[in-house]
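Have the picture open as you read, and look for each part as it is named.

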Amino acid sequence: MTDSVERSGLRVDAALARFVEDEVLAPIGQDAGSFWLGFADLLANFAPRNRALLETRDALQARIDEWHGARAGQPIEQEAYQHFLREIGYLVPEPGDFTIGTRGVDAEIATMAGPQLVVPVLNARFLLNAANARWGSLYDAFYGTDALDAAPAQGRGYDPARGAAVIAAGRAFLDQALPLASGSWVDATGFEAILADPAQYVGQTAQGRLYRSNGLAIEIVVDPETEVGRSDRLGISDIVLEAALTTIVDLEDSVAAVDAEDKLAAYANWLGVIRGDLVETFEKAGKVQTRELAGNRQVTTLSGEAFELSGRSLLFVRNVGHLMTNPAILLPDGSEIPEGIMDAVLTSAISAQDVKGLTRFGNSREGSIYIVKPKMHGPQECAFTNDLFDAVEDLLGLPRHTIKVGVMDEERRTSANLAACIHAVKDRIVFINTGFLDRTGDEIHTSMRAGPMIRKSAIKGSAWIQAYEKRNVAIGLRHGLSGIAQIGKGMWAAPDMMRDMLEQKVGHPRTGANTAWVPSPTAATLHAMHYHAVDVFGLRKEMEGAEIPSLDLLLQVPLADGANWSEEEVREELDNNAQGLLGYVVRWIDQGVGCSKVPDIDDVGLMEDRATLRISSQHIANWLLHGVCTEAQVLDSLHRMAEKVDAQNAADPLYEPMAGNWDASLAFRAACDLVFKGVAQPNGYTEPLLHAWRRKKKVLVSGKFFAAA
């Protein structure tokens, strides 16, 4: 750390210290000296506990590796396997009957069902777009994507034929969500047509009329002066849906934040969106545009009563997990601060401005702070987070359980002990969500030495995944999350394939989940239609007492069981993994991009983050370990796929080719490390290697910059 200051025995990056003291603490009236002293005391207590938890992870993995190694090639008999897992403390006793006791939860989380966005905190424009995605134009979503048929041709003016198709699709949606007492919206000649349920009509807005369906708002915009409105029988120019009820502002898998500079940028954007004054100016299509947060929407009821609807998504912030450290703050012994502890303290301190009513719009009307905590392994780590949040509340002078927690059910030891994990945070939990990508990565690494895994695409159909998804909902419902907390489902990864999403993602609310992740504001608008089609809370009443799939299913390891793949099949699998891995890593290391739309091997753009990277790197490492492939075969795939990735990025002026620059390309060397050192990585995580190589890249770039200057 080149420019640091001392604070109560801590060495703090000077710019970060100024930001915390001037921008975060001063507005809430927190004395800086007392804060740093309390922060140092908190770290003295929790940093050793954090390290001990990571040591427990390593010890458990070593025991599991030993168990599988002694039985190599033998079938896994569940009774003996589970007895062993209980013996070593991997499986813990069920906590028995209990109901969560969380209070002070906003309606968007507790009593509403709708889409959820995840957005990288470091991209201010995307962050503002996501926060404003509470409302979305259905007409734009239909017109601008392949949701109806093919995507529209680019660079052309308004297409009346396509517009007519959009209007027809809009009418079909209204017939489904707001059915008339008789007839169809297609034939209605005026808004006097009687709804089958007149209570669905809420009132007038500045643009038109507001309705509700399954708790979500629908605004019919009336403007016969527009080109679309002129062609419509009722003068309807748009149908605007309440879309992304909640957004997760991500400091974790979707960002590349490796040092004080990166963390300061992340915290500054979180402060800006919480405070309400985040603004981003950019150039698009040759025009300078400015993005800021949307205001509230005004509604007047039939009786003349006026009220507001939030114009913005309710924001969670996702902290990092327990694994990584960061040089932004050094402990008295010179070691780096556990990054998850730093996130907990500083994102909460920023959010305290919202709790104290100091922000422009306000985020939580209930005075709560919502933190998603990822990558926790089992109830002991959840209990650590609960204790940590207690300590943060005490440090900031906040009432107990102001900080709520969302638990990502994305590690094997968590999903196998989910009830106990919920119990460990039962008075602050507001969210459980299946993260099947990280869960798959952990599945491979946990059982790394049991044998070669089936092909990556086949893992999606494994028995354990079906049990995992069903258990998450059933256990959540059994312990009282419905009406208090979100039960969520994972991401649709293909942002350009909205037609497929409309056909498939309706399956998420049909499971009883009241939210699911989408990759864009447009996808949120389209996915919102599913929550009008499915009454999630009504469905949950039918699911009461649903059977919870057994651990026998959940703990089935997806082993190949003697599969004898051809050389071509092995090459195909390696190519698929290597191309996705390289396409993501090259942007992470060279450009600091933690999440982006990366073309896959078939040139289909998929949203990639560290969770997908974890699967690809661990899958190749597993096949290498068990002799399915050789190092030479892997290197051959990496070299050929580097050429393909270079070609896919040829139009990017910032892109640095890998092919032919094998030693000079830090990105290529990082990708090789992720594969060839994959077995040794803690729980198969990619962060340690990515962070190390990204720091080297930043040093290299800064050195070139100063040499040029």
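Two strands pair if DSSP finds at least two bridges between them. Helices (H or I, at least four residues) and strands (E, at least two) are themselves DSSP runs, numbered from the N terminus. With that in hand, strand β19 and strand β20 (residues 486-491) run parallel and are joined by 3 bridges.

This is a predicted model, in which local features need pLDDT of at least 70, side-chain atom pairs count only at pLDDT 80 or more, and totals for chains, interfaces and linings use all residues. Residues are numbered from 1 along each chain as its sequence is written, and side-chain values use heavy atoms, leaving out hydrogens and water.

**The barrel**

- Let us begin with the barrel, where 8 strands close up in the order β3-β9-β14-β17-β18-β19-β20-β21, with parallel pairing.
- Neighbouring strands of this sheet are turned by 30° against each other on average, direction ignored; axes here are lines fitted to C-alpha atoms (for helices over the stretch in contact), and angles run from 0 to 180 degrees between N-to-C directions.
- Strand β9 (residues 246-250) runs parallel to strand β14 (residues 314-318), and 5 bridges join them.
- Within that pair, Val249 stands opposite Val317 in β14.
- Strand β18 (residues 403-409) is joined to β19 by 5 bridges, again in parallel, and Met408 has Asn433 of β19 as its bridge partner.
- On the β20 side, Ile432 stands opposite Ile487.
- How many residues of strand β19 (residues 429-434) are buried? The count is 6 of the 6, so β19 is largely enclosed by the rest of the structure; buried means under 20% relative accessible area, exposed over 50%, and partly exposed in between (1.4 Å probe, protein chains only).

**The open sheet**

- A reminder that helps here: strands of a sheet pair through backbone hydrogen bonds, either parallel or antiparallel.
- The open sheet has 7 strands in the order β4-β8-β7-β6-β5-β12-β13, and its pairing is antiparallel.
- Its edge strands, β4 (135-137) and β13 (306-309), each pair on one side only.
- From one strand to the next, the twist averages 35°.
- Strand β6 (residues 208-213) and strand β7 (residues 216-222) pair in the antiparallel sense over 6 bridges, with Tyr211 opposite Ile218 in β7.
- Helix α7 (residues 160-177) packs on the sheet and touches β6, β7 and β8 (236-242), where contact means heavy atoms within 4.5 Å.
- The direction of α7 makes about 50° with that of β8.
- Val240 is found in strand β8 and counts as buried because its relative accessibility is 9%.

**Helix α9**

- Helix α9 (residues 260-275) has 16 residues and reaches 22 Å from its first C-alpha to its last, close to the 22 Å expected at 1.5 Å a residue; the expected span is 1.5 Å times one less than the number of residues.
- Since 12 of the 16 residues of α9 are buried, the helix is largely enclosed by the rest of the structure; among them are Lys263, Tyr267 and Trp270.
- Asp259 caps the N-terminal end of α9, with a side-chain oxygen 3.3 Å from the backbone nitrogen of Glu261.
- Just after α9, Gly276 takes a positive phi of about 95°.

- The 17 residues of helix α10 (residues 339-355) should span 24 Å, which agrees with the 24 Å between its end C-alpha atoms.
- Helix α10 bends by about 30° at Ala349; the bend is the angle between axes fitted to the seven residues ending there and the seven starting there.
- Of the 17 residues of α10, 16 are buried, so α10 is largely enclosed by the rest of the structure.
- Glu339 is found in α10, is buried at 2% relative accessibility, and touches residues including Lys263 and His691.
- Just after α10, Gly357 takes a positive phi of about 70°.
- Thr385 lies in helix α11 (residues 378-396) and is buried, with a relative accessible area of 1%.

How values were computed. Polar contact = N/O pair within 3.5 Å; in protein donor to acceptor, adjacent residues only side chain to side chain. Lists of a residue's contacts leave out its neighbours within four places in sequence.
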